[in-house]
Structures are given as C-alpha cells and as structure tokens.
Amino acid sequence: MGPVPVRPSERHLNLRPLSFKCLSTGRGFQGHLLVYTPSWKASWTRDDRSLWAREERHCSGPTLDMPVPSSFNDVGQDRQLRSFVGWVWYEREVTLPQRWTQDLGTRVVLRIGSAHYYAIVWVNGVHVVEHEGGHLPFEADISKLVQSGPLSSCRITIAINNTLTPHTLPPGTILHRTDTSKYPKGYFVQNTNFDFFNYAGLHRPVLLYTTPTTYIDDITVTTSVDQGTGLVDYQIFAQGSEHFQLEVRLLDQEGKVVAQGTGCRGQLQVPNAHLWWPYLMHEHPAYLYSLEVRLTTQTAAGPVSDFYALPVGIRTVKVTERQFLINGKPFYFHGVNKHEDADIRGRGFDWALLVKDFNLLRWLGANAFRTSHYPYAEEVLQLCDRYGIVVIDESPGVGIESRVWAGRWDGEREREKWLSRVLPGLTSLCLLPSVDRTLIAHTKALDPSRPVTFVTNSNYEADLGAPYVDVICVNSYYSWYHDYGHLEVIPLQLATQFENWYRTYQKPIIQSEYGAGAIPGFHQDPPVMFSEEYQKALLQQYHMVLDEKRKNYVVGELVWNFADFMTDQAPQRVMGNKKGIFTRQRQPKAAAFLLRERYWKLANDTQRPPAARGSQCLESGLFHV
C-alpha cells in the first residue's frame with residue numbers, strides 16, 4: 001500500500017452506522033450478502049486514529065446522522081463539514097447470521113464500493129485492508145476475524161482521508177496560509193486543478209457477502225464474430241483450491257442454452273448470434289446473453305458449488321482512419337459528458353437518480369456518454385449494457401500536469417479489472433494536456449480488445465499522445481472562454497481545429513467537450529452569455545461544422561454537460577457549473593430540446609435501419625421509440 005496522505009492538522013470526523021439489511025443474492029448457492037442502509041452517526045473530533053484502533057472511541061464533538069452511500073459534505077448544516085479536509089471515521093456494529101460465524105466452509109467478505117480518497121479498514125479493531133483511490137471497489141476476506149470466537153457480531157471501522165496531493169489521482173495541493181494578519185494559525189486550503197467539487201465519503205454500497213472457500217474469483221470475456229457465428233472467449237480464475245470442476249453455459253434471453261463448455265479457458269460458438277447493438281442503431285438493441293459459470297469442489301461434507309452469472313453482449317469494435325465501427329457498421333457518438341453529482345447526496349450512488357438519468361438519455365436520443373472525470377459505479381456500466389449506451393470510460397487522472405504519476409498506473413490490478421469490462425466503447429486515460437506512449441501502451445496491454453483515447457486540450461503540433469491513441473478526443477470552448485459573445489467566429493475556428501488535427505494524425509476525431517453556461521430562466525434576445533438563448537445558439541454554431549465534418553472523419557460529439565454540477569466556489573461559478581443542458585434537478589433547459597431534435601435526426605439519418613425509421617413516438621412507451 002502507498003503512504004498515508006497528508007493529514008492537515010490531524011482533523012477528524014467520526015461516523016457510525018445505525019442499521020443494516022439482510023438479503024439473499026444470486027452470488028453462489030451458499031452466497032448471501034448484508035447491505036448497509038441509512039443512517040450513520042457522525043461526530044467531530046481531533047482524537048488520533050490510534051485511539052480508535054485501541055477501541056477507545058471517545059467522541060468530543062456533536063453527532064449527526066450520515067446516510068450511506070452518500071458524500072458527507074452536503075448532508076449537514078455545518079459550513080465546516082461541507083469543506084472538511086482530513087480524516088473521516090465510519091463505524092457500525094453488524095449482527096451476522098449464525099452459519100456465517102460457525103461454518104468454516106463459508107468465506108465472509110467485506111466489500112466497499114468506493115471510499116474517497118484513502119481508506120483504512122478495521123474489523124473488531126483488527127486492521128484488514130487499506131486502499132488508495134476514490135472511484136473503484138475493494139474488498140477483504142474477514143472470515144478468520146468473525147469465525148474466531150463466540151460472538152455473532154462484528155464492528156466495522158473505516159477511516160477515510162480526502163486530502164489530495166501531487167501524488168493522488170486526481171492530484172491536488174494543500175496551500176498553507178502563513179500570513180497571521182489575514183489567517184488564523186495553521187490555516188490551509190485544498191487546491192485542485194479540476195472543475196468539480198471534491199466530494200468525499202462512502203459513495204457506493206458497503207456490503208458483506210459469502211462464498212464457499214473455493215470460489216470463482218474473476219471472469220474475463222472477449223467476443224468476436226465469424227460469418228454470423230458469435231465467438232465468446234472466456235477465462236475464469238478460481239481461488240481456494242486447485243481441485244475443482246468448472247461448467248460454463250451461455251443462455252439466450254429466452255433461457256435457452258446456446259453453447260456450453262468446461263474448464264478455466266475456452267471458446268463458446270453461437271451460430272446466428274444476436275449481436276449487441278447500440279441504442280437507436282438496431283430494431284433490437286442491447287441484446288444480452290447470460291454466461292453462467294458453476295464451480296464444484298468435493299469436501300468432506302459432500303460437493304459444494306459456487307455460481308456466477310455474467311451478462312454478455314456479442315459485438316466487435318474496430319477503428320479505421322475515418323470511422324468507428326461497431327459490428328462492422330459506422331457508429332457516430334451523439335451523447336453527453338456526465339458527472340456523478342446531485343443535490344444533497346453529492347457523488348453518492350442513488351438508484352432512482354440513475355434510472356432517471358438513463359430515461360433522460362433515451363428521451364434525448366443519446367447513444368453514448370463519457371464518464372468524466374473518473375470511473376463510475378459498476379451499476380452504471382451494467383445499465384449501459386442493458387440500455388445500449390456506448391461508454392467512454394475514463395480514469396481519474398484529471399488535472400495531472402507532470403510525469404510524477406507516470407509509473408503509478410503500472411501493475412495496479414484494480415484498474416486492470418476496470419479496464420477489462422465487456423462494454424463496448426473507448427477507454428479514456430483522462431483529461432490531460434498530454435500523455436506519452438508509455439502510458440498508452442500500458443493501457444492497451446491491460447485490454448488489447450478496446451480502443452484507447454485520451455481527452456486533450458493541447459496544441460495539435462505539440463501533443464505527445466495523439467500519435468499512439470486510436471481516436472482523438474478534442475475539447476474546445478470557442479466563444480465562451482475567449483472571444484466572449486462572438487458566436488460568429490465559431491465556424492471558422494472549429495473547422496480549423498478539425499482540419500489541423502486530422503491533417504497531422506489521420507485518425508477519427510470526437511468533439512469530446514463543447515458548450516456554454518446557462519442560468520436556468522435567464523433569457524435575452526439577441527443572445528448574451530449565461531442566457532439559455534446563448535447556450536442554444538452556441539451549440540447551433542458547432543452543429544453546422546459537425547454536420548460537415550462528420551461526412552469525413554469526425555465520429556462523434558459529446559456536449560458538456562448532461563446536467564449542472566457542483567464546483568468549488570469561485571466568482572465565475574454561480575453555485576456550480578451551469579453548462580448542463582439539464583439543471584442539477586434534471587429539468588430541461590432550452591438546449592435540451594435542441595439536442596433532442598438533433599440526436600433523433602442523427603439517429604434516423606445515420607444509424608437506424610430503414611425498417612426502424614418513420615413516425616415513431618418516444619412518449620408512447622418507456623422503451624418504445
């Protein structure tokens with residue numbers, strides 16, 4: 001594990017959960033899980049973390065309830081809590097089922113969906129795991145700790161430090177204000193080089209689950225197509241024993257077995273396969289098979305099985321000099337950039353919000369989005385697979401300005417797992433001035449099947465990464481961050497941008513960010529900045545050039561942003577970034593209706609088969625378009 005981040009003034013916040021819920025899960029015949037539900041207790045303290053490790057948990061400050069998953073910043077009414085930087089403590093008691101604590105053939109695992117940023121975990125006061133990085137899951141086998149005595153409960157303690165340094169992903173700096181005529185002694189602020197609020201806490205579900213002691217640890221799937229026959233190559237990793245049998249079946253959506261195999265590695269062949277197609281590109285998009293894996297091992301008590309079902313879409317992705325191809329057909333990205341961001345919950349996972357967002361994407365006619373600027377929850381990617389949404393899946397390296405992090409990607413198994421998902425689309429390294437060939441080569445080595453890009457805002461002549469990526473993603477904000485209000489210069493500047501990049505690198509291009517801020521309800525005609533009219537007019541200027549260049553080598557456009565989102569406080573930010581086409585509460589601005597008309601037209605003109613075109617109405621049903 002890496003070193004513990006900077007701990008400014010050893011500030012701490014203690015959080016304690018109140019309740020849990022016991023559920024059954026399809027993860028294994030013997031698998032069960034405990035899912036935490038709100039709420040948690042929180043209190044301020046300056047106690048050193050070693051007191052907690054010694055179980056001397058004396059809280060010196062007021063307490064408050066804290067739901068999980070959520071960010072802690074916006075839940076309370078304390079101004080200091082919102083901008084808190086330092087250690088945050090979560091703790092709760094969990095009562096376990098009797099079999100979990102007495103059956104030595106049961107493996108008990110604690111899984112944390114994400115903890116931003118650096119986490120240390122104890123169970124019953126015993127250190128079990130540390131994790132660096134705020135956007136990926138991690139877990140620990142706690143079987144020995146909960147099966148070692150007569151107790152049927154365990155205490156889980158999670159300490160989180162949200163400090164960002166030049167060595168974290170994303171990076172940041174701590175600025176100490178030493179002028180005592182202006183600032184109190186020891187005063188500091190957290191500076192960042194990105195334009196979103198640094199929410200912190202337990203952002204995704206925390207759960208306990210069980211498996212047999214010999215279990216399925218990981219499954220890797222790649223797909224291809226040979227003259228109508230779908231090819232599903234699989235590799236299965238098991239832990240706990242070398243003596244087991246593996247059975248693999250592939251089922252279609254009607255539950256019919258279409259292929260089967262045995263062993264840790266193999267290929268399943270599916271004649272006349274139903275291919276996975278993006279939303280609006282086929283009459284039956286997002287077709288998913290179910291890959292079922294059963295592991296069986298012999299024990300003194302008899303055979304014991306572990307079981308896992310993985311949705312699999314059969315598809316191919318290829319990039320040419322001018323096109324992005326899915327299943328051999330040209331695909332044009334028309335979508336959005338997003339953030340995991342909402343009122344009160346901050347970056348906390350919320351199923352209702354997630355489903356609302358996907359319904360808005362479908363209403364909009366969007367077929368893709370970028371996970372700016374970090375990996376999103378696994379549930380998000382699973383819904384993308386089900387809804388037919390293509391993903392540009394981004395690493396959390398936004399704001400890197402030096403080579404200090406160049407080696408930190410190497411050998412990180414969690415990022416390897418994340419990059420090897422079965423979703424179609426692009427792997428994006430991050431939003432950077434530039435990256436070098438070493439980082440791109442390492443990313444491709446983790447998953448050779450997936451095209452790689454990074455999002456650039458550098459000069460095309462000096463870019464170090466563009467020669468080595470598969471697709472060039474370019475951000476530009478003409479007539480917003482310069483030439484304020486002069487919409488008439490956009491066509492020339494944008495056309496020049498595209499021509500320069502393509503002439504130099506001969507690769508397909510995505511306009512990965514463009515847009516303008518609009519305060520909801522601000523109107524002015526002729527358009528002026530921050531009015532809804534200006535946002536709409538700026539997008540229209542971009543669209544004129546995009547319509548011309550997509551006939552050649554531009555393969556996509558992603559507006560910035562899907563919805564308004566919170567940022568650090570600054571004079572140019574009125575309660576956050578207002579470039580969303582929806583408000584933070586998911587209500588449409590004028591630009592949303594403009595993009596809806598455009599995206600549905602793009603789908604009809606470029607992607608939908610003739611039989612699927614015509615006067616079809618989205619409002620006639622949730623999934624009928």
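Q: Is F331 buried or exposed?
A: In this predicted model, local features need pLDDT of at least 70, side-chain atom pairs count only at pLDDT 80 or more, and totals for chains, interfaces and linings use all residues. Residues are numbered from 1 along each chain as its sequence is written, and side-chain values use heavy atoms, with hydrogens and water left out. Buried means under 20% relative accessible area, exposed over 50%, and partly exposed in between (1.4 Å probe, protein chains only). Because its relative accessibility is 3%, F331 counts as buried.

Q: How many aromatic pairs does the count come to?
A: Rings of Phe, Tyr and Trp (its six-membered ring) pair if their centres lie within 6.5 Å; planes under 30 degrees apart count as stacked, over 60 as edge-to-face and the rest as tilted. By this rule the count comes to 27 aromatic pairs.

Q: Which class describes the aromatic pair of F324 and F331?
A: F324, at 0% relative accessibility, counts as buried. Its ring lies 6.3 Å from that of F331, centre to centre, with 55 degrees between the planes. The pair is therefore, under the angle limits, in the class left between stacked and edge-to-face: tilted.

Q: In strand 21, which residue is the bridge partner of V317?
A: Strands (E, at least two residues) are DSSP runs numbered from the N terminus, and two strands pair if DSSP finds at least two bridges between them. Three bridges join strand 20 to strand 21 (residues 324-326), and these run antiparallel. The bridge partner of V317 in strand 21 is I326.

Methods: Helix = DSSP H or I, 4+ residues; strand = E, 2+ residues; numbered from the N terminus.
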